[in-house]
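Grab a pencil and have the model open.

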Amino acid sequence: MVIGNGMIAKEFESYRNIDQIIIFASGVSDSTNTDVVAFERELNLITETIQNNKGKLFVYFSTCSIYDLSMLQSSYVRHKIKMEDFIITNCPQFIIFRITNPIGYTNNTHTVVNYFIKHIIEKHKFEVWEKASRNIIDIDDMYLVCNKILQQKLFTNSIINIANPKNYSVSYIISCIEIHFDVKGNYILVDKGGGPIIDTTKVDALFSTFNIHFNEDYFPKLLKKYFTK
C-alpha cells in the first residue's frame, strides 16, 4: 500500500498492491514549511492509517535535516521529530527512513536543487550561504537500498539514515549547475550556513552491493540524468 502521489510515492509504485507494507509518502516535504495546519493534517493521516492497518509494517520518510544544527529548531524538523516519536510509540511494526535530499523527476520547486536551478536559469537574485552544505542522493539509489531493507526485513523498528556519505558545499552545487546549463547565476555570498553530519555506516555495504559509488562525478551525473539543458 502506498499513501501519497509525489516523487517518493511514485518511486515506490510497486508497493501499491503489497497489503502488508504501508509506504507513507504523503507527509510535509518542504523544509521551509511552517504551516501548523499542514503538520496537523499529516499527524491525523498517520494516526488514521496506523489505526486502520494494525499488524502491518508502517514505513515513514523523515529527514536527515535533523542532523543539521542550523535547522534543528525549524518548525519542519521539530514536526518530523514529533512524527517519529508518535510512530515509535503507537506502531508495533515500523521502519523510519531518515532521507536526505532526493533528486529525481519532480515539478516541486522547493527541493534544494530545483530551487537553485530555477533561480540560476531565470536570473533571479538569491543568497548563497558560503558555509552551507547539502547532502544529495539519486532517488533511484535511495529506492534500491530502501527496497532491499524492506524485502529482506532488515532494521525493523529502527530509524535508518539513507544518505550520501558525503555532503556538497552549496557553492559546489551551484557551480555544477552553472556548468551544466552554461548559465551564470545572479547571487551574493553570505558568511553563514551549516550542514548535516550523517552516519551512513549501517547502509554503506548495501550501496556497495548495487555498485553505487559516491565519487566526484556523482552530482554532475545526476544533473545530466534528470535535467536537460
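This is a predicted model: local features need pLDDT of at least 70, side-chain atom pairs count only at pLDDT 80 or more; totals for chains, interfaces and linings use all residues.

Residues are numbered from 1 along each chain as its sequence is written, and side-chain values use heavy atoms, with hydrogens and water left out.

**Exercise 1.** Work out how H4 and H6 pack, and which residues meet.

Step 1: find the helices, which are DSSP runs of H or I with at least four residues, numbered from the N terminus. H4 spans 112–121, and H6 covers residues 170–181.

Step 2: get the geometry. The axes of H4 and H6 lie 10 Å apart, at an angle of about 55°. Axes here are lines fitted to C-alpha atoms over the stretch in contact, with angles from 0 to 180 degrees between N-to-C directions.

Step 3: name the arrangement. H4 and H6 are therefore oblique to each other; under 35 degrees counts as roughly parallel, over 145 as roughly antiparallel, 65 to 115 as roughly perpendicular, and the rest as oblique.

Step 4: list the contacts (heavy atoms within 4.5 Å). From H4 come Val 113, Phe 116, Ile 117, Ile 120 and Ile 121, which meet Val 170, Ile 173, Ile 174, Ile 177, Glu 178 and Phe 181 of H6. That contact splits into 10 nonpolar, no polar and one charged. Asp, Glu, Lys and Arg count as charged, Ala, Val, Leu, Ile, Met, Phe, Trp, Tyr, Cys and Pro as nonpolar, and the others, Gly among them, as polar.

**Exercise 2.** Decide whether H2 and H3 are roughly parallel or oblique.

Step 1: H2 runs over residues 36–52, and its axis sits 11 Å from that of H3, at about 15°.

Step 2: H2 and H3 are therefore roughly parallel to each other.

Step 3: check the contact. Among the residues making it are Phe 39, Leu 43 and Ile 46 of H2, plus Met 83 and Phe 86 of H3. By class, the contact of H2 with H3 holds eight nonpolar, four polar and three charged residues.

**Exercise 3.** Describe the largest pocket and its lining.

Step 1: the largest pocket holds about 1,300 Å³ of space. A pocket is an open set of points on a 1 Å grid, reached by a 1.4 Å probe, with protein on both sides within 12 Å along at least five of seven lines; lining residues have an atom within 4 Å of a point.

Step 2: of the 48 lining residues, Ser 29, Ser 31, Asn 101, His 110 and Thr 111 are closest to the centre.

Step 3: sort the lining by class, which gives 22 nonpolar, 21 polar and five charged.

Note on methods: Grid points are joined across faces, edges and corners, and a volume is the space filled by probe spheres set on the points. Helices (H or I, at least four residues) and strands (E, at least two) are DSSP runs, numbered from the N terminus.
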